[in-house]
Amino acid sequence: TPSTSSSEMLGWVKSEVANADIIDLHTHLLPSTHGMLHLRGIDELLTYHYLIAEYFLTAPVAVTPEVLYKKTKQKQAEIVWQALFVDRSPMSEATRGVCTVLQRLGLGEALRRKDLVEIRKFYQKYRANPEIFEEMIFAEAGVRYAIMTNIPFDSNEVSHWRPKTKPYSGRYRSALRVDPLLAGDTKTLEKALSLNGYKNTLEGAKQYLRDWVDTMKPEYMMASTPKEFRIGDGKVGGGVNEDDMNVVGGFAEATKSGAFGEGCCEGDGGEVLPTIIDEDSDLLSEVLIKVCEEKGLPIALKIGCVRGVNPRLKSAGDGVVAFADTECLTRLCARFPNVKFLATFLSLNNQHEAIVITSKFPNLHLYGCWWFVNNPSMIKDITTMRVEMLGCNFTFQHSDCRVLDQLLYKWAHSRGVLCKVLVEEVKKMVETGCRYTVRDLRRDVKMLTGGAYEEFMGNV
Ligand code: RAT
Ligand code: ZN
């Protein structure tokens, strides 16, 4: 057992956390074989939506969102660089992140001189071989693999999967994103079904999902829930008052699935008709859950985001934090005990409840500090609270990276916070007289950085 003097403990924890081989369980990264959808390099870093939002705190009146977005990506990057890195101090988490990336790439001197030209030159070297850059970033960041967000409703992305899936690096794994099904967005669903020759019925929607599961081979299905997401005892949907929904839901279940068999209803002449999708359709329980049960796939939920708060900012205008009704998650976990759920919440105010719910349901796994809580002060508090109530049975962080290079900063910063939390927690535990070896620490760090996820998924 190593000694517990603070400095020794810190060194010991630092080295284990630094060497952990991370599983990044939610990102928006796409492989270099996805062409233009694979984002990397300084211009993408500088135009990350967090930075665009921050830029507008400083922008002159004349630079409206419309004016900025009309410019080339390169020009936008230059404007953000000047405003947030030259004219002001890069003190926010998102700006500090760019600085960490540059340091880690050996561009510390160019950063000191604020020399964007020099920085761009560095990236030029990798223009012709993105795979080399890609591999270097994963290795440098200490990330074993990253889970992508693959959207079968996005025609740009779809072309990389069909007619023939492009083979991609084993550094990536798939997650199939199904937001329209949780948002009751029947328009998007109907469009996808009809364009691809599927019937606009519950069975057609299920087949569409099954076929995409076979193509993408996802680790899990995922969605971020809309603000109005509610689950009554019998019906699931967005934008409907829960009391109404229980009534409507009961009716819908009895007619659509209970009484007349799955996905069918009775026509006037008594014949069995397929159930057409309409705004009353219970897409979550009748389509998504059914396919997840069939295919043995978990559902990952991101809860508490409000989209399009300032639509003029496009993606930078998404995401005011909504205090969410955690009851939704409780009901889902209780109603579908054979389905595994992963969850993360956007609001700091939901974190405590989320931990308690997780401690009640073995089919629920808590992961990461998402977006507006992905800041060191909050990661520290949330992770401490989680360890205190769940031990190491959760995934302490996911990166949500959109630009490959961000793996370098998001994980460096999060590892730093994990060290601080673990030093405290290990110290408290060792003070009880418990024997704790380096091997124990290694196991605990592994659990928090992907091991608990793999155990939950049954991948080990
Ligand atoms: O964190 C983000 O980058 C957000 O824009 C969202 O994409 C969020 O992570 C999500 O997956 O919905
Ligand atoms: Zn995301």
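A pocket here is an open set of points, on a 1 Å grid over the protein atoms alone, with protein on both sides within 12 Å along at least five of seven lines, and its lining residues have an atom within 4 Å of a point. The volume is the space filled by probe spheres set on the points, which are joined across faces, edges and corners. Lining this pocket are 19 residues, and those nearest its centre are Arg-40, Gly-41, Asp-43, Glu-44 and Arg-127. If you colour the lining by class, you will find 6 nonpolar, 7 polar and 6 charged residues, where Ala, Val, Leu, Ile, Met, Phe, Trp, Tyr, Cys and Pro count as nonpolar, Asp, Glu, Lys and Arg as charged, and the others, Gly among them, as polar. Helix H2 (42-46), helix H8 (116-124) and H5 each supply at least two residues of that lining; helices (H or I, at least four residues) and strands (E, at least two) are DSSP runs, numbered from the N terminus.

Residues are numbered from 1 along each chain as its sequence is written, chains are lettered from A and ligands numbered from 1 in the order in which they are written. Because the model is predicted, local features need pLDDT of at least 70 and side-chain atom pairs count only at pLDDT 80 or more, while totals for chains, interfaces and linings use all residues, and side-chain values use heavy atoms, with hydrogens and water left out.

Now move to the largest pocket, which has a volume of about 990 Å³. Its lining holds 34 residues, of which His-28, Leu-39, His-49, Ser-315 and Arg-402 lie nearest the centre. By class, this lining divides into 15 nonpolar, 8 polar and 11 charged residues. Helix H3 (49-55), helix H5 (73-86), helix H10 (155-158) and helix H11 (179-182) each supply at least two residues of it, and H3 gives the most, with 3 residues.

Next, select strand S10, residues 299-303. Why is S10 described as largely enclosed? The description applies because 5 of its 5 residues are buried, buried meaning under 20% relative accessible area, exposed over 50% and partly exposed in between (1.4 Å probe, protein chains only). With side chains shown, Ile-299, Leu-301 and Ile-303 point one way from S10, whereas Ala-300 and Lys-302 point the other way. In a regular strand the side chains alternate between the two faces of the sheet.

Strand S5 (residues 220-224) runs parallel to S10 and is joined to it by 4 bridges, with Met-221 opposite Ile-299. Strand S13 (residues 341-345) is also parallel to S10, joined by 5 bridges, and here Ala-300 stands opposite Leu-342.

A further stop is an open sheet of 3 strands, in the order S1-S2-S3 and with parallel pairing. Its edge strands, each pairing on one side only, are strand S1 (22-24) and strand S3 (172-173). S1 meets strand S2 (residues 143-147) over 3 bridges, and you can pick out Ile-22 opposite Val-143 and Ile-23 opposite Tyr-145. On the way to S3, S2 makes 2 bridges, with Ala-146 standing opposite Tyr-172. S2 is largely enclosed by the rest of the structure, because 4 of its 5 residues are buried.

Then select helix H18 (residues 376-390), whose 15 residues reach 20 Å from the first C-alpha to the last, close to the 21 Å expected at 1.5 Å a residue; the expected span is 1.5 Å times one less than the number of residues. Its buried residues are Ile-379, Ile-382, Thr-383, Thr-384, Arg-386, Val-387 and Leu-390. Among the elements covering them are helix H17 (351-360), strand S14 (364-366) and helix H19 (406-430). Just after H18, Gly-391 takes a positive phi of about 65°.

Finish at Asp-211, in helix H13 (residues 202-216). Asp-211 counts as partly exposed because its relative accessibility is 23%. Leaving aside residues up to four places away in sequence, Asp-211 touches Arg-162 and Tyr-198, contact meaning heavy atoms within 4.5 Å.

Zooming out, the protein chain comes to 20 helices and 14 strands, and buried residues make up 55% of its 460 residues.

Note on methods
On a 1 Å grid over the protein atoms alone, a cavity is a set of points where a 1.4 Å probe fits but cannot get out, and a pocket is an open set with protein on both sides within 12 Å along at least five of seven lines; lining residues have an atom within 4 Å of a point. Two strands pair if DSSP finds at least two bridges between them.
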